[in-house]
Every structure is written in structure tokens, then in C-alpha cells.
Amino acid sequence: IPFTARVEQTLNETLRFPQQVHEDEFAVRVLRDVTTAPDGSAVIYSALGHLYAKTLNGGPPARLTKDDRLELAPSFSRDGLWIAYATWSDADKGRIRIARPDGSQARDVVSTPGHYTKPSFSPDGQWLVYRSLGPDFIRGYTHAVDPGIFVVAVNGGEPHRVRDDAREPQFDHTGERIYFSEVRTEKFSLVSVSRYRRAAARVM
């Protein structure tokens, strides 16, 4: 039913005042993937999505790189001269990279986009073992079709799979075998395989 109405309404000025959403500086209380240099002189860790280095004889922590990507899962080479780590960005997906402990000479070792974590050096520093992850609801499904444990030469080359999937891969002291954990009969087991392609596994 059509009608008209006379309305009087008072509009007041909007009340506005500043809000402090966050402090300019704050203490980081959660450190991830803390790893100690072989000589015990420093640690590398992930915090707020980036890698930081801190010497243990004092001094503040410092960003390892100036990369805008997320950085995670650092590990030292046995001689302490290199650090391996994984990166992630929604645009470029994941990479496996290495850098000097001061952040210099950073470069990709695995440049094929993927979902990567837990790189670890062989004793001689010539190889990396790492885990390639499957898809999830956070990273999505793109470039996540080839999960498993892979080995790649630090100087480049095509990675090769040694296990369909497992956790926490590391080389043994000889560099000939790779240890990892996997679930067997509803329990975690320590297992090893040869670094040369797929081979029979040994359950420890």
C-alpha cells in the first residue's frame, strides 16, 4: 500500500579513536625447527615464517635471508658451511634451497614447484634427502601429486625417490643409507633404505 511519512532523525558525528592493533616490537615465544651448528657456536631457527641465526656467545638474532617467502625446516651440513631449508609461497609453491650460515650464496637445489620439508645433508655434503608432501587444505592440491622421500645432488640433477612416504629422513654416518620413521601396524618404526633408488627396507 503506497504511503508517505514525515521523519525527523538526528545524525551525530561518528566517534572515532585510534586503535593499537599490535606492538611495533614484541618478543617471539615460539621457535620452530631449532638446529645447532656442528661446532655449537650458533643456532638457526624458524620464527614468524622466516629463518633467523643467533650466535650463542651473545648478540641479537638476525634474519638469515631477505626472502619474502616462508622459510622452514633448516639443517646444517656436517661441516657447518651450508644450511639447507625449504621455502613456500602461494604463488611459487615450494623449493629446497641452500645458503651459507650468513645467508649468502642462497640458491635452489630443487626448483620444481612442490610441497617440501625436512632437507638433510649427507655426511660429505654432496647430497640432500628431503620429504615431498601430499596435498592438504592449507597449501592446496597443485604440485602435490608426488609425495615421498627423495635424494638429490647438491650440485643439481634430477631427484630420485627412495620411499613412497615417511618422516624425518636423515643419512647415516656412511652416507649410503637413509633413516626415517614410518607407521607400521599402527606404531612408528625406525626404518632404513639404500640411498640408491628404491630398495628393500630394514626395520630397526
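Biologist: Which residues does Pro-135 touch, not counting residues up to four places away in sequence?

Modeller: Pro-135 touches Gly-140, Tyr-141 and Ala-144, where contact means heavy atoms within 4.5 Å. This is a predicted model, in which local features need pLDDT of at least 70 and side-chain atom pairs count only at pLDDT 80 or more, whereas totals for chains, interfaces and linings use all residues. Residues are numbered from 1 along each chain as its sequence is written, and side-chain values use heavy atoms, with hydrogens and water left out.

Biologist: What makes Glu-182 count as buried or exposed?

Modeller: Glu-182 has 11% relative accessibility, so it counts as buried. Glu-182 belongs to strand E14 (residues 177-184). Beyond its neighbours within four places in sequence, its contacts include Arg-163, Asp-165 and Lys-187.

Biologist: How do you know what joins the side chains of Glu-182 and Arg-184?

Modeller: The two side chains come to 2.7 Å, which is a polar contact. That term requires a pair of N or O atoms within 3.5 Å; within protein, one must be able to donate a hydrogen and the other to accept it, and residues adjacent in sequence count only if both atoms are side-chain atoms. Asp-79, in the loop between E5 and E6, has a polar contact of 2.6 Å with the side chain of Ser-77. The side chain of Asp-79 also reaches the backbone nitrogen of Leu-81 at 3.0 Å.

Biologist: How do you know which way E5 and E6 run, and how many bridges join them?

Modeller: Strands pair if DSSP finds at least two bridges between them. Five bridges join E5 to E6, and the two run antiparallel. Leu-70 has Trp-88 in E6 as its bridge partner. In their hairpin, which has six residues between the strands, Gly-80 takes a positive phi near 75 degrees.

Biologist: How much space lies in the largest pocket, and which element gives the largest share of its lining?

Modeller: The space is about 410 Å³, and E5 gives the largest share of the lining, four residues. A pocket is an open set of points, on a 1 Å grid over the protein atoms alone, where a 1.4 Å probe fits, with protein on both sides within 12 Å along at least five of seven lines; lining residues have an atom within 4 Å of a point. The volume is the space filled by probe spheres set on the points, which are joined across faces, edges and corners. Of the 20 lining residues, those closest to the centre are Arg-32, Leu-70, Leu-72, Trp-88 and Arg-139.

How values were computed:
Buried means under 20% relative accessible area, exposed over 50%, partly exposed in between (1.4 Å probe, protein chains only).
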